[in-house]
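Hi everyone, thanks for making time this morning. Let me put the structure up on the screen, and then we can walk through it together.

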Number of protein chains: 2
Amino acid sequence: MAATDKTAVDSELPPKSEAAPPDAAAKCPFNYSLVDVALRVLVFAATLTSVVVMVTSKQTELVSVPGFPGFRLTLQAKFNQSPALVYFVAALSVTGLYSIITTLASVSVVLKPVYSKSFLLVFASLDVVFVGIVASATGAAGAVGYIGLKGNKHAGWTKICDIYDKFCRHTASSLALSLFAAILLVLLSMMSTFTLYKKIRH
Amino acid sequence: MAATDKTAVDSELPPKSEAAPPDAAAKCPFNYSLVDVALRVLVFAATLTSVVVMVTSKQTELVSVPGFPGFRLTLQAKFNQSPALVYFVAALSVTGLYSIITTLASVSVVLKPVYSKSFLLVFASLDVVFVGIVASATGAAGAVGYIGLKGNKHAGWTKICDIYDKFCRHTASSLALSLFAAILLVLLSMMSTFTLYKKIRH
């Protein structure tokens, strides 16, 4: 009934070329914003878990020294022994912080969709920067992890994952999570751009 | 004077709410597209140079064996001895190919700006994916390069850049170029999104 009344009133008014786009715009970002909030929460969860798994990867082992049978050394593997893994933890922590801020901003867009266009622009731009940060951190940690797993006979770098198995398992899990976060950020950036594109077409 | 005349003519015409957006849209992508073409050519140049510098980094050295004075081995350092550097070359090559295709597409937008909105959407989306690819390749090669430069005493990985100086110089130059390409891709993606945003406002 209410909808019919509204149409009747509208037909009496002059053509409202200015009022139509905000209606369409108000309809679009609502669906988008909810998915956006959900994905940003997932990014936060993935980065937080990734950092926690990497930080808790410490492993202490009794290693026998080649050539000295019966002589053993207590050695420790920690993420902060490798600059690449330190960069990884720093990058993922910053991304986690960013995902909290953008989740709150995205929630504010759901509640008050007036500034949604500006938010979409900021989101799409900043997400690209964080795609770069998370991808480079994943690449760096992945390269070090691969040397740890397989070694490199040309450079004379021996593998360490046969000794520090728990450390390597943690690093691999952390890497998988950061790759997931990077893919989510790519999707988020694409989604923001696509929503801006849809706003033009509507 | 010209501006005053235009206002006088405009006031006599009926309000042209439909004609204004295409005018503004036709004006915007032209400036954008030229910068876009220039940046994409730069991305191509950076990735091509980076790949060439990395592929030509081969170095052969006579290395003395510790404990055997007078005994020397001929050893070679090549990019394909490290999986991370192979990934780097592959990723940068694909990005170079992508930059050729998008440069041609961007030139077609300059010549015929009808499909500029769809191109902007595709550019902004694909650029993000390539930001991820180039950033991860830079991170991976950077991590391996850092181990080569400084070593890692905790893992027992010795530095190799004191022997293979040319190889390391080439790797470092190649890395700098790929970082430059990644930053350009971030700018390109931001620019596409911003142009879409401007199209809504106009």
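Let's start with Thr171(B): is this residue buried or exposed? Its relative accessible area is 6%, and anything under 20% is called buried, so Thr171(B) counts as buried. Please keep in mind that we are looking at a predicted model.

Where does Thr171(B) sit? You'll find it in helix α5 of chain B, the helix that covers residues 165-201. If we set aside the neighbours within four places in sequence, Thr171(B) is in contact with Met54(B) and Leu85(B). Have a look at Ala141(B) as well: 30 residues separate it from Thr171(B) in sequence, and the C-alpha to C-alpha distance between the two is 8.1 Å.

Now over to the other chain. Thr171(A) belongs to helix α5 of chain A, residues 165-201, and with a relative accessibility of 6% it is buried. Beyond its neighbours within four places in sequence, Thr171(A) is in contact with Met54(A) and Leu85(A).

Let's zoom out to chain A as a whole. Five helices and two strands make up its secondary structure, and along the sequence they run α-α-β-β-α-α-α. Of the 202 residues in chain A, 44% are buried. If you take the contacts in chain A with a separation of 6 or more, 75% of them come from residues 24 or more positions apart. As for the surface, chain A exposes about 10,600 Å², and 71% of that is supplied by carbon and sulfur atoms.

So how do the two chains relate?

One place to look is the pair of α4 helices, residues 116-150 in each chain. The axes of α4(A) and α4(B) come within 7 Å and cross at roughly 40°, and the crossing is right-handed. Which classes of residue make up this contact? There are 14 nonpolar, six polar and no charged residues.

Methods. Residues are numbered from 1 along each chain as its sequence is written. Chains are lettered from A and ligands numbered from 1 in the order in which they are written. This is a predicted model: local features need pLDDT of at least 70, side-chain atom pairs count only at pLDDT 80 or more; totals for chains, interfaces and linings use all residues. Side-chain values use heavy atoms; hydrogens and water are left out. Axes are lines fitted to C-alpha atoms, for helices over the stretch in contact, and angles run from 0 to 180 degrees between N-to-C directions. Helices (H or I, at least four residues) and strands (E, at least two) are DSSP runs, numbered from the N terminus. A crossing is left-handed if the near helix is turned anticlockwise from the far one by less than a right angle, and right-handed if clockwise. Ala, Val, Leu, Ile, Met, Phe, Trp, Tyr, Cys and Pro count as nonpolar, Asp, Glu, Lys and Arg as charged, and the others, Gly among them, as polar. Buried means under 20% relative accessible area, exposed over 50%, partly exposed in between (1.4 Å probe, protein chains only). Contact means heavy atoms within 4.5 Å. Accessible areas come from the Shrake-Rupley method with a 1.4 Å probe; for residues, only the protein chains shown count as cover.
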